Amino acid sequence: MSAEQMVEIWRGEHLESLHRGHAVVCHEGGDIVASWGDPEKLIYPRSSYKMLQALPLVESGAAQQFKLKPADLALACASHSGAAIHTDHVTSWLGHLGLTEDAFHCGPQEPFDKGARDALIRAEETPCRRHNNCSGKHCGFLTLSQHLGVDLDYVALDHPVQKAVKTVIEEMTGVAIPGHGIDGCSAPNYLTTVKGLARAMARMTKDGSDPRSKASRALIEAMMAHPEKVAGEGRACTELMRAAGGAAAIKTGAEGVYVGILPEQQLGVAIKIEDGASRAAEAAIAGLLIKFGALDANHPIAKKYTMGPIKNWDGLETGFMRLSLDFVSA
């Protein structure tokens, strides 16, 4: 099955660009509620996996042992902007573990946050590993490593941390992992299907008393309570979760991936834009949050991501973006 039209970019009266993709919405029981494109499309979920990668941290008892708070769990799921609110938190977490950023396997990264970036330039300093957007996830990996009493080579495929992550991913997606790649932060990123990714997100809404259900609920609630930790000011994850007002937890992944968790409806959403465009993935997830009742279509943030005007450098409105009719009406 081929990708379907999802997001249109118009300049004047002419369709200038068109983004196609695949999307699946699953119920907690595993059934597909709606789909576009190919549900069996194999993808790298990239950072949209972070809630699944954080599940062993909570499920194992490591989060409890180290007295992690909801803000810590939100940061463990983050692709943060490298602002002070993030890097100070990472520094504090590392100190709590008795470690420094030298323990990280993620590389230095220029902050997404312009204020933090400009401050580094003025101070004639270079970005460090704490600025890496995945440093919160790596704090989680280090915490789990210490809980398990194992070495800190936590990105190795045969390391207990990655074995635990792989097991969780296979169990939650219901898909046997066919292969892996190495993510931007040096951790393994396991292939799965769009359907499998949506199923995993839906299963995080299960209302149960078992350790995994409790761990899933803790992560979802942490993200919704601390959206500023998950991304940062001006970022889609943060803005859309705030606009949803506790009705959804969402997470971006590189190369046009987005996931959503709708606890009240017990739904999971997964999107992959074929050309990897973030603007299209953000529009698509906003559209599906609206379609399934987690976001008010009239909210300014909803409008920003689904029909925002396109302006040039002089502030002149030159065009607009919109969701393809076949996508939002299907």
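## Helix H6

The 14 residues of helix H6 should span 20 Å at 1.5 Å a residue, and the end C-alpha atoms are 20 Å apart, which agrees. The expected span is 1.5 Å times one less than the number of residues. Helices (H or I, at least four residues) and strands (E, at least two) are DSSP runs, numbered from the N terminus. This is a predicted model, in which local features need pLDDT of at least 70 and side-chain atom pairs count only at pLDDT 80 or more, while totals for chains, interfaces and linings use all residues. Residues are numbered from 1 along each chain as its sequence is written, and side-chain values use heavy atoms, with hydrogens and water left out.

H6 is mostly covered, with 11 of its 14 residues buried. Buried means under 20% relative accessible area, exposed over 50%, and partly exposed in between (1.4 Å probe, protein chains only). Among the buried residues are Ser 135, His 138 and Phe 141. Their cover includes helices H1 (50–59), H2 (62–65), H3 (70–76), H4 (84–97) and H7, where contact means heavy atoms within 4.5 Å. Just after H6, Gly 149 has a positive phi of about 70 degrees.

## Strand S1 and its partners

Strand S1 is joined to strand S2 (residues 14–27) by 7 bridges, and the two run antiparallel. Two strands pair if DSSP finds at least two bridges between them. Gln 5 stands opposite Arg 20 in S2. S1 and S2 form a hairpin with 2 residues between them, and Gly 12 in the turn has a positive phi of about 65 degrees.

S1 is also joined to S12, by 5 bridges, again in an antiparallel arrangement. Here Glu 8 has Arg 322 of S12 as its bridge partner.

## Aromatic pairs

Rings of Phe, Tyr and Trp (its six-membered ring) pair if their centres lie within 6.5 Å; planes under 30 degrees apart count as stacked, over 60 as edge-to-face and the rest as tilted. The count by this rule is 3 aromatic pairs. Trp 10 and Phe 320 have ring centres 6.0 Å apart and planes at 5 degrees, so this pair is stacked. Trp 10 lies in S1 (residues 4–11) and Phe 320 in S12 (residues 317–323), so the pair ties together parts that are 310 residues apart in sequence. Trp 10 is buried, at 17% relative accessible area, whereas Phe 320 is partly exposed, at 29%.

Phe 141 and Tyr 154 form a tilted pair, 5.6 Å centre to centre with 45 degrees between the planes. Both residues, Phe 141 and Tyr 154, are buried.
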